[in-house]
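Thanks for asking me to look over this model with you.

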Amino acid sequence: MSGTARRIVVIGAGPAGLAAAAAAAGAGADVVLVDEGERVGGQFWRHHPGFTDPRLQHQLGRFGALQAGIAGVRVLSSASVWRVEHGAPSRVHLLIGPADAAERRGETLEADAVVLATGAHDRVLPVPGWTLPGVTSAGAAQALAKRDGLTLGTRTVVAGAGPFLLPVAQSVSLLGGEVAEVVEAASVRTLVTGWGARPWQLTAAAGKAGELGSYLGSLARHRTPYRFGSAVTRIHGTSSVEAVTVQRIDASWRPVPGTERTVECDAVALGHGFTPRLEAAIQFGCRITPARFVEVDSQQRTSVAGVHAAGEITGIGGADAALAEGEIAGLAAARVPVADLRYRAPLAARRRMRAFAARLEVHGIRPGWTGWLDADTIVCRCESVRKATIDEYAGASSRGMRLATRAGLGACQGRTCGRSVEDILGTPFGVDRRPVLSSVRIGELAAHCSPAALEPEVAASAHPPQEKR
Ligand SMILES: Cc1cc2nc3c(=O)[nH]c(=O)nc-3n(C[C@H](O)[C@H](O)[C@H](O)COP(=O)(O)OP(=O)(O)OC[C@H]3O[C@@H](n4cnc5c(N)ncnc54)[C@H](O)[C@@H]3O)c2cc1C
């Protein structure tokens, strides 16, 4: 990094991080862009070097422009951030190399400002039978389609809540798979009330209407039924998926008895929205909103000086919102004055996309979903913890619950099960208190903390020279 330019580290190279890095670099900052993925693009732009199907990718022109915009940026791919420290400068600790590589190289970056753009995981609610082969998250099905041009089965049920089910169904169809049904939890009435309110706010997000039209057109062409106010409440099969039960649910997502139907399929893609990846923000000490997103001001500044946040970690709004927020965050991190004209376009885009994003609440998870679980349903997949075990320790503290049941203590550290356990208990489970950023092997930690890897003064005090003993 050069001596005088402002040093900015951007964590996450999805739409938000790419836009932040390009904007900050364009404003003269010295930028490092870090992502644990093999390539930049995040969840939205996924390609395999040997496979790019333009029908499955969206906004490739914008992607190309962003790649040009980061031409002067140091890009570190396959680089997992495992620890962050706030200060002057702040520090970002990385392990570089494929996650399953035997030897990953450690590196620590110093930054005058950090932009957090770590995105979100897709959320999947447990369903009896969801651990059978053939069941994936909707995001995983989409990633498989975009990156590898593959579908998991030949006849797929896409189920859950939210507009994201539609591109997933379209991708499966484009690749020649049959989509048996798309099953949406929100009822027609809820959708009409939620999406129909203040329609003039949506005219500004006209691109989204075009996108929606293309997805609905794809369903119509393939004669795919789109069911509302319904859920997959059971997945059947012996060694893999053979069928699902689709059932009507009430406004609180409680299954309505007597409405069960069986749909034959060999794959199920489940998606019930997204959960932000807050770990780095929590480690930095950023304030988190009651809805559990990173709190930011109009310039995407968090409550911690010099730390900015953009994209899905500040609210679920899709790629266009992430792009606008990232650009604002990059400019602000580079200390471009707020009156500068470069803010104008992304500020307007953010306003438009927020009106769209607010509508997504109509697809929000309702508490009655726990009514489709039975005692044997696995809730924590990493540690195979059943619903009955969670119920048994329901009176314990969140720590007691984790220790007694092991829910949340597995490889994902509660990312997948944590909020489901909370819904079952009706109380916080403390997942946000365990901000594990990424898995680190003990050997890697030991190497990082060896005297040679520590700062000279720390190393000297840890191992004083012989003559001073
Ligand atoms: C599996 C999945 C698939 C999706 N597919 C689509 C789609 O096809 N179409 C669509 O409109 N929306 C899709 N979405 C929604 C999508 O997340 C947003 O629309 C958009 O990508 C959000 O941009 P972002 O920059 O905020 O986050 P992301 O695109 O999620 O980018 C965040 C980046 O941060 C990196 N990161 C996180 N933590 C670390 C760390 N500790 N160290 C290093 N890097 C880190 C991640 O590797 C990731 O590349 C998908 C979401 C998921 C979860």
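How far apart do the C-alpha centres of domain 1 and domain 2 lie? The answer is 29 Å.

1. Ground rules. This is a predicted model, in which local features need pLDDT of at least 70 and side-chain atom pairs count only at pLDDT 80 or more, while totals for chains, interfaces and linings use all residues. Residues are numbered from 1 along each chain as its sequence is written.

2. Domains. The protein chain is assigned domain 1 (7-121 + 275-336), domain 2 (124-272), domain 3 (376-433) and domain 4 (442-469); such bounds come from an automatic or database domain assignment. Between domain 1 and domain 2, 9 residues on one side are in contact with 9 on the other, where contact means that the C-beta atoms of two residues, placed from the backbone, lie within 7 Å. The side of domain 1 that touches domain 2 has 2 nonpolar, 4 polar and 3 charged residues. In this scheme Ala, Val, Leu, Ile, Met, Phe, Trp, Tyr, Cys and Pro count as nonpolar, Asp, Glu, Lys and Arg as charged, and the others, Gly among them, as polar.

3. Helices (H or I, at least four residues) and strands (E, at least two) are DSSP runs, numbered from the N terminus.

4. Helix 1 against helix 9. The residues that make the contact include P15, A16 and L18 of helix 1 and A319, A322 and L323 of helix 9. Sorted by class, this contact has 15 nonpolar, 3 polar and 2 charged residues.

5. A cis bond to check. The peptide bond that joins A88 and P89 is cis, with omega about 5 degrees. P89 sits in the loop between strand 4 and strand 5 (90-96). For context, most peptide bonds are trans.

6. Positive phi values. Most residues other than glycine have a negative phi. S384, in the loop between strand 19 (378-380) and strand 20 (385-386), has a positive phi near 50 degrees. R406 has a positive phi near 75 degrees and lies in the loop between helix 12 (398-405) and helix 13 (418-425). Are these two residues buried, exposed or partly exposed? S384 counts as partly exposed because it has 13 C-beta neighbours inside 10 Å, and R406 counts as partly exposed with 15. The cut-offs are 20 or more other C-beta atoms within 10 Å for buried, 12 or fewer for exposed, and partly exposed in between, with C-beta atoms placed from the backbone.

7. Helix 13. G418, S420, V421, D423 and I424 are the buried residues of helix 13. They pack against strand 19 and helix 11 (387-392). Just after the helix, G426 takes a positive phi of about 75 degrees.

8. Q283, in helix 8 (residues 279-284), is 197 residues from H86 in sequence and 8.7 Å from H86 in space, C-alpha to C-alpha. R105 belongs to strand 6 (residues 105-111) and is exposed, since 12 other C-beta atoms lie within 10 Å. Along the chain R105 and E444 are 339 residues apart, with their C-alpha atoms separated by 8.4 Å. For R344 and G176, 168 residues apart along the chain, the C-alpha separation is 43 Å. R344 is found in helix 10 (residues 344-359).
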